[in-house]
Amino acid sequence: MDFSKKGTAKKQHQIKSTSRKVASKVSVSFFRVFLIGIVFAAVIGSFAGLGILKGLADSAPSIDQINVVPTGYTTNIYDKDGNLIETLAGAEANRVYVTIDEIPKVLQDCVISIEDERFYEHSGIDIRGIFRAFFSGLSQGNFDEGASTITQQLIKNQVFDGGAEDNFTDRFIRKVQEQYLAIQLEERLDKNSILEYYMNNINLGAGTYGVQTASKRYFNKDVGELTLSEAAVIAAIAQSPTNMNPITHPDNNADRRLQVLKNMKKHGLCTEEEYQEAINDDVYSRIQSINEEQSTTSYYSYFVDELIEQVIEDLQQKKGYTYTQASNALYSGGLSIYTTLDSKIQSIVDDVYSNQDYFPEIGKNSFWELTYALSIQKKDGTTIHYHTNDLVDFFKSDSSFSTYFSSKKEAQKRVKKFKNAMVEDGDTILGENTSLIIQPQSSLVIMDQSNGQVVALVGGRGEKTGNRTLNRATNTARQPGSTFKILSAYLPALDSAGMTLASVIDDAPYKYPDSNKYVNNWNRETYEGLTTLRDAITNSMNIVTVKTLAKVTPQVGFDYLKKIGFTTMVDSRTSDNGKVYSDINLSMALGGITDGVTNLELTAAYAAIANGGVYIKPSFYTKILDHDNKVLLKNNPTEQQVMKESTAFLLTSAMEDVIKKGTGTAVNFTEINMPLAGKTGTTSDDNDLWFAGFTPYYTAAIWSGYDNNLSQTNKSYQKIIWRDIMQRIHEKYDLESVPFNKPDSIVTAKICTKSGKLAVDGLCDKYIGGSTVRTEYFAKGTAPTEKCDVHVKVTICKDSGQIANEFCPKSSLEERVYLIKEEKSPTTDTPYILPSATCTKHNSKTFVTPIITPFPPLGGNNGNNSNGLSPPTINGNNTDDGINYGNNNGYNNGNNRAN
């Protein structure tokens, strides 16, 4: 017989019926009489003197103030395509709410048959059960046995915290009040509502609450798909979630499940055939199999770790929550969080990072780093705590010992030896923790620069050992090396300091102005001489970068860094010992800063360049819905134009050269054609290895290094990782190869790379050091208008290599274009600087015949002195051969330069 149809035919589920109201009033009257009897008996009997029994019903919580609706729900996290990727559940919150219509009738019947078979007949309390339980309670002290209806259990769980009293008196008082409230609750709620709340509330073992979560945990299916056999398993758990757990105590559960099935058959709720089929179902083997699949310990991804941080922060800042309120909402509020994660891209990242072949070989350039902790209570009661340093001291006689191991086995052997030496007979080990982290470590962030969304992230390599652990992508600040040159020096130089990619700075030995310390180029041996900013970016030249920031000023560079989202920059800080730290100095140009930067913020800064100069704060979610599917938070990051669009394009163009012919050639895609721009970065002693770059679609930055700042010998593996991940992403989505967007504010001009000015035909292209003519991009209004003034054409005596004089044989003469430059130290310009002396090999004694070699005009000024040279003279007298033989420097005190 259907439980819902049992009893009087007119009796319905809805509490609105008159008959149920009458029944409720009768029950209340009976309960009061019964209560008086109990109180009277208690006063006369064993509870004499306990005035606490008087008025128990009146001292119960008001029915108007209690809430029996289940609280604490699982929060679901979805990727950008709406796929469920993670769930968050706090204590007693691993619950997914389902309505009574979604709970199958077979499960409803199973629960009622074993927990409250007269559920549809009583008005909140089971009178027969009360008498039986009362006398049993007097003899055994257990007032929970057999008397609790489903309505009472709901009240016990929601109003009386599960009824976990630790003494008879408190249990008795709670039981009486629970029954009194049950009668009143049934006057207000219909049976279906009570049953729905109950089945979403109950603890069903293994950390599950409610029937939907239990169904997923034990059978990996929605509750609506349960069979009779499976429904009986879940119904059997309710009595004791621990002892009836079908995973850990299958025999106990099987005994009670059998009783459920018998009750179902007895009440006509299943046929004999259905009963036999359920009895013969090997349901517990199926449960164990599913448990093995689900029991593998897994932790939140690094992306989810950072998502949690952002959500908690935003709930506080945007909704006014306290930290505790925000945390409770996140873990128990049943939120739906729609993230920016692209699972396809994240899968590519995870695949590469799980492949050891991409990283230095273990045992050679890659090791396991050991950290260890041991707490011991000695037999005399004292406690000793040991840490990694104690282990190092223990092995100090072994000069080869370090905390870096080529194998886990070797590390564990050392730990065992140390532990055996520290633990004596009678000691108790209070705690021990051994951690082996693969080194070097690495992090990667990938953003869609068009909207600031983080589409993939990894905060470390190797097995993740916990939730919200060290996230090297978001929580660790590292020195950024040369990736910072673009942001700290060249960005402000091009954007507001009046410089261009054609601006020329002399790459020559240079000291920091406030010290005697030289700035060294990364190759440490070569100085390139006069160099454009484009070439300095391409070849990652330190001296030119520092000189550029000196022109910009460190304060301006610092302000730009703050504007593009860096929060770790130090304006001024005084340490406990009085030392003052500040990042407003020239070393900032090379990434030498106090605290370093996070990968996330570096990626976002480069994304601003890729996005036409618009900075968007990195976001990890788009919207958050509450448990009622109402919008709780919508993430609409503000956009800020932090640099001119033209500046962003110029930086992009220069960084394209980094990859085409500079320090970043290793990141060039090998399988597809796609525009790439980026910058390498390496810090002192090769402790930190970076590459930050972008395509027209995505921006990514990778860091690799030892957590404890050790030098690395393999300096390029991070570039290969970046290349393969980014290439696979673009292949996955079959992204079209399109050029970077060139704004209308960009123009071109043909310049000389030694002067930065307009190139002069016949001079700059004939320079003996090679042509210095290049077509360069400029922001409108910044292209040069003056012509090159550092190249000069002179006649040289090939025999002496000096400026020819009137005695040099005609056969020895040759016209050459030299560089006009004063140098204090040699650079690559040195061999091509205009000689300062005239020929000393030929003189009047060797004179054969006068030399007349006209100096061809270079155009302009009607042919009069159009080359800018002084009229040729001999011993100060003008001659007509077009050559200046006189002045020591060969260019008339610096005025005879090409214009």
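**A quick chat about the predicted model**

Reader: How many bridges join β4 to β5, and how do the strands run?

Author: 5 bridges join β4 (residues 367-377) to β5 (residues 383-387), and the two run antiparallel. Strands are DSSP runs of E, at least two residues, and helices are runs of H or I, at least four, all numbered from the N terminus. Two strands pair if DSSP finds at least two bridges between them.

Reader: Is this an experimental or a predicted model, and how are residues numbered?

Author: This is a predicted model, with residues numbered from 1 along each chain as its sequence is written. Local features need pLDDT of at least 70 and side-chain atom pairs count only at pLDDT 80 or more, while totals for chains, interfaces and linings use all residues; side-chain values use heavy atoms, leaving out hydrogens and water.

Reader: Back to β5. What is the bridge partner of Gln377 there?

Author: Thr383.

Reader: And which residue takes a positive phi in the hairpin of β4 and β5?

Author: Gly381, with phi near 95°. The hairpin has 5 residues between the strands.

Reader: What is the strand order in the open sheet of 3 strands?

Author: β26-β25-β27, with antiparallel pairing. The edge strands are β26 (802-803) and β27 (813-819), each pairing on one side only. 2 bridges join β25 (residues 791-797) to β26. Cys797 stands opposite Gln802 in β26.

Reader: New topic. Where does Arg468 lie?

Author: In the loop between β9 (453-458) and α18 (483-496).

Reader: What is Arg468 in contact with?

Author: Leaving aside neighbours within four places in sequence, Asp305, Ile308, Glu309, Ile312, Tyr323 and Tyr331. Contact means heavy atoms within 4.5 Å.

Reader: Which side chains make a polar contact with the Arg468 side chain?

Author: Those of Glu309 (2.9 Å) and Tyr331 (3.3 Å). A polar contact is a pair of N or O atoms within 3.5 Å; within protein, one must be able to donate a hydrogen and the other to accept it, and residues adjacent in sequence count only if both atoms are side-chain atoms. Arg468 and Glu309 are 159 residues apart along the chain, yet 8.8 Å separates their C-alpha atoms.

Reader: Which residues touch the most other members of the largest nonpolar core?

Author: Ile446, Leu487, Phe566 and Ile725, out of 118 residues. Such a core is a set of buried Ala, Val, Leu, Ile, Met, Phe, Trp, Tyr and Cys residues joined through side-chain atoms within 4.5 Å.

Terms used. Buried < 20%, exposed > 50% of the residue type's maximum accessible area, 1.4 Å probe, protein only.
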